[in-house]
Amino acid sequence: MLLAGRTVLLRGSGALWLASERALVVADLHFEKGSSYAARFGQMLPPYDTRETLTRLEAEVAALEPATLIFLGDSFHDGAAEDRLAADDADRLRALAVGRDLIWAVGNHDADGPRALPGQVIDEMAIGGLILRHEPEPGVQPGEVAGHLHPAARVSSGRGSVRKRCFVTDGQRLILPAFGAYTGGLNILDQAFAGLFAAPPLAGALGGRRVHAVGPKSLRPD
Amino acid sequence: MVPADLLPPRFSEWFAARGWSPRAHQLAMIEKAKAGRDALLIAPTGGGKTLAGFLPSLIELAERAPRNTPAGIHTLYISPLKALAVDVERNLMTPIREMGLSIVAESRTGDTGESRKARQRIRPPDILLTTPEQLALFCAWEGAREYFADLSCVIVDEAHAMWPSKRGDLLALDIARLQTFAPRLRRVGLSATVDDPDLVRRWLGRHRQEDPPPLGEVAAKPTEGASAGLRPSPSGPPGHLPQRGRIDASSVDLVLGSGGAQPVVEVLVSGGRVPWAGHTAQHAMAEVYEIIRQSRTALVFVNTRFQAEFAFQELWKLNDDGLPIALHHGSLSAEQRRKVEAAMARGDLRAVVCTSTLDMGIDWGDVDLVIQLAAPKGASRMVQRIGRANHRLDEPSRALFVPASRFEMLECRAAADAILENHLDGEPARVGALDVLAQHVMGCACSEPFRLVDLYDEVRSAGPYADLSWEDFETVVDFVSTGGYALKTYDRFRRIVEDKDGFWKARNAQVVQRHRMNVGAIVSPAVVNVRIGGGRRPSRSGSAPTLSGARSDAKPASTFADRARGGRKIGEAEEGYFEQLTPGDTFVFAGQVWQFNSLVGADAYVSPAPAKDPKMPSWGGSKFPLSTYLASRVRKMMHDEAEWTALPPDVQEWMAYQKARSLIPDEDEMLLETFPRGKRFHMVMYPFEGRLAHTTLAMLLTRRLDRLGVGPLGFVCNDYALNIWSLRPMDELDLPDLFDQDMLGDDLEDWLNESFLMKRAFKACALVGGLIERRYPGEEKSGRQVTFSTDLIYDVLRKHQPDHLLLRCARMDAATGQLDVARLGDLLARIKGRIRHAALDKVSPFAVPIMLEIGRERAPGDAAGEMILAEAEEDLIAEALS
């Protein structure tokens, strides 16, 4: 698709591919969200979310061989999440940094970014005419790529309805779906999305292998 | 004959003053109690069953010597229904008051006020009437052992309804716990008539293991545990191994009440015709109303809430006499239900339209007729419902079946015959669920420290867990402690910990508090509040999934004023129902027509609708599967032309047409028809195994047909038949191969793993087992939020640890409850080599009802999801090109 005049690729995984920069962008991984519940409440959710997220990320890296891998914030669920990483998961993360640059934009959940892992920690960055940051700025922001909101769409047709994570865009700015295994979604008809787009946005619903473009008429609230 | 001197003078005088004489089974219960025996009383309603259960306790309490120390609870009464506990409390006061006994009997339910609950803890009543959930809470309390030390009797009411369920598992475990606290405890079960009393006796009884394990030796040796610090036990402690616990039904004596008069059961053929299809029996309403008019008080039973709404609406349209006709079902607010029950008890009502909410419970002497609208689905349930009429044993109960369709006509006839012949549906034996055990283990740890081996023995003394293996027990304890994951991330966050002496206890007060807020084995479908109001767009506060993130993970770009919550609550309904409606749709609820405005979080907003004619919601069929026993009777009746004469002329004609146009199979055969219609090709089968088993079969067949390149497009099922349609003809298929039993192997496994049924079953197990929580301190998650997050958890867990305890539990629940896999297996075995194929050029008379059901079902699953996305996309392209 064209985003603020330049070509970008929306991946069925929920990642964004900037081909000319060979940059792969993923948002809201929330590593170690599962273990945060055990630590805080003694609630033993399956501790496999980090490796599940990593597996998906590795598949994208293998498919595209990016030179730069950009994490668009909230990569870790909380400040202590990095310390809770299982050793093999941490190894896999370090392996991703071999032969490429890792860039960690910070988010509200991981305001300091990782401490021990390789890569560069930033607040926001400009790349190929686009601005990448965690939280979308209010108002119309041509060329902004952000995450934070975990967009999801309820798509309805005559056959019924289905709820999927999605990209949201009006052609000027783009909001990425959350990439993490335990990250939920917020319906894009929610008011949190109001005021961010100049025109009624399209949803790019994640359909497994590809992204389906969905127009406003097919969207439903939850 | 039992000697009457079992009754102390005060009691026999009371009976005499009332003009009664004690019934044989009442005296028998006293005799069993005196002998210290556990007893199961099976008697029809109206036979003084409840009194029979309490008499021994009343006598013991009346004759007890005065003591200086305050006594603890003497008798604990457990009812499946809160209302029943309260009602029995009231009924119990009559003999206590009239005999001037100094006995305190009090109920304690979720509705009991906090001050009363606190007082009950400090000064226990002699008799406490409560529910299984309250008992589970008691057992998770630190003072439980002392509190129940004086307990001499536990009475389980409606035991027939309680035992074959997770609630029954939990109750059996808690009773085993009580027995440990009070070794002399006597167990009493009260049950309606059942097909196999031994199953109930086994559930109620105490099970002794044949060889007591060498306790000291095992428990004294602290060893480094394998996973959760448990004793390593490839083979477990000696004597604890897969040896079967002795299933000792004989530890519970059986007492039978006298039979009562044979019920009079009729089948209504309204206006001499039976509709082809449908679930509502709308055609018969005028006649049903007339019959209500001629009765004293009628109970009108239906099988679903929405059938209840519909029937209530239809009856009031006809109610020119303004008869007091009320409505009672599980979606109405508790307050509304209590009002109806009270009016019923006063004898103010002429009829109540109700669902299974009134299957059991309070005795109403005035009911003289039970009407079953739409087919009864099982003979036992029907006997129970008929028992609600006329609680005088010497007069026959009257019942009227009103079939809603032609197949239902066959079923009603078969059910009426079965009831007259006193044949009831059999229940399969039950193995206790491990998610329930997990909850119980956590509860025990909250109450007091325990040793593993002691708890293992106690658990196995409960009927459903008599055969529990040491490995499974260990797995459950490990799950409770650390979540039971192969990845040992959570060892430092354990919920229960073992001390150096081998005692396990809860880690801290927070863990205990969270457990107490989540006790119970009932997981209801996600329920939303139905409120009057316009509703708004979903706002963050209403719709953000808590566990899954957006709410806590993302802060809104701007903040919104908190939407004023409100609107009077008129009841509750299953969330799935509103998902089918679009704003503006009209529907019937609580007997009125409403317009659906919006679904916001856990609230559905509605407003009174101007229209008198609601848009018909899609009526589901029965939520009860057709019983195996009744199904076999229907098949037999269908084949036996001599039995057709008992059917109305139009149904006979329909069957004769079927015989001429297609064929009528033998009793042990299954008919399969193929025919084209429109651009589609249909395959219709008639296994009569109930909607659940049919849906499972259809899912599996569809997968196979897909592989064969037939291009199946969809299917629809009811209790009698299933219908699959496809792009290409299915006349030439290799049927024996298609229906081979191996479909229950890999095909079932593959499908199950990705099916939404598994996700739903997993959610229920995760809630019961304590993986996720129903309630957090200070907030209650709506079912909607839970659904959403457990799906994510399920997907991840399935991929990384497919043999996890909760996945095992979910698979078992799905296979039994949701899918009826056992029944499907029986079906495939039964029809092997016995499929009668009729290749037709058009739809057959039998196929008409199931053809009419097409379009009512919603497509679930991932494949359908993809199709929806694709279609929505096509719409967008079409829009762009136009």
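Mentor: In this predicted model, helix α17 (residues 434-447) of chain B packs with helix α20 (residues 509-516) of chain B at an angle of about 130 degrees, the axes being 10 Å apart.

Trainee: Why are α17(B) and α20(B) called oblique to each other?

Mentor: Roughly perpendicular covers 65 to 115 degrees and roughly antiparallel begins over 145, and the angle here is about 130 degrees; α17(B) and α20(B) are therefore oblique to each other. As for handedness, α17(B) passes α20(B) in a left-handed crossing.

Trainee: Which residues make the contact, and what is its make-up by class?

Mentor: From α17(B) come Met442(B), Gly443(B) and Cys446(B), and from α20(B) come Val512(B), His515(B) and Arg516(B). By class, the contact of α17(B) with α20(B) has three nonpolar, two polar and one charged residues, with Gly counted as polar.

Trainee: What makes α17(B) and α19(B) oblique to each other?

Mentor: Helix α19 (residues 470-482) of chain B packs with α17(B) at an angle of about 60 degrees, with their axes 9 Å apart. Roughly parallel requires an angle under 35 degrees, and roughly perpendicular starts at 65, so α17(B) and α19(B) are oblique to each other. Here α17(B) passes α19(B) in a right-handed crossing.

Trainee: Which residues of the two helices meet there, and how do they divide by class?

Mentor: Leu434(B), Leu437(B), Ala438(B), Val441(B) and Met442(B) in α17(B) meet Asp472(B), Val476(B), Val477(B), Phe479(B) and Val480(B) in α19(B). The contact of α17(B) with α19(B) divides into nine nonpolar residues, no polar ones and one charged.

Trainee: How do you know that the buried residues of α20(B) line one face of the helix?

Mentor: Those buried residues are Val511(B), Val512(B), Arg514(B) and His515(B). Viewed down the axis of α20(B), they fall within an arc of 165 degrees, so they line one face of the helix. On the other side of α20(B), Ala509(B) and Gln513(B) are exposed, a term that applies when 12 or fewer other C-beta atoms lie within 10 Å of a residue's own.

Trainee: Against what do the buried residues of α20(B) pack?

Mentor: They pack against α1 (33-41) of chain A, together with α17 and β15 (504-506) of chain B.

Trainee: How many helices and strands does chain B have, and what percentage of its residues is buried?

Mentor: Chain B has 35 helices and 27 strands, and buried residues make up 51% of its 882 residues. Of the contacts in chain B with a separation of 6 or more, 78% are accounted for by residues 24 or more positions apart.

Note on methods
Residues are numbered from 1 along each chain as its sequence is written. Chains are lettered from A and ligands numbered from 1 in the order in which they are written. This is a predicted model: local features need pLDDT of at least 70, side-chain atom pairs count only at pLDDT 80 or more; totals for chains, interfaces and linings use all residues. Axes are lines fitted to C-alpha atoms, for helices over the stretch in contact, and angles run from 0 to 180 degrees between N-to-C directions. Helices (H or I, at least four residues) and strands (E, at least two) are DSSP runs, numbered from the N terminus. A crossing is left-handed if the near helix is turned anticlockwise from the far one by less than a right angle, and right-handed if clockwise. Two residues are in contact if their C-beta atoms, placed from the backbone, lie within 7 Å. A residue is buried if 20 or more other C-beta atoms lie within 10 Å of its own, exposed if 12 or fewer, and partly exposed in between; C-beta atoms are placed from the backbone. The arc is that of the directions from the helix axis to the C-beta atoms.
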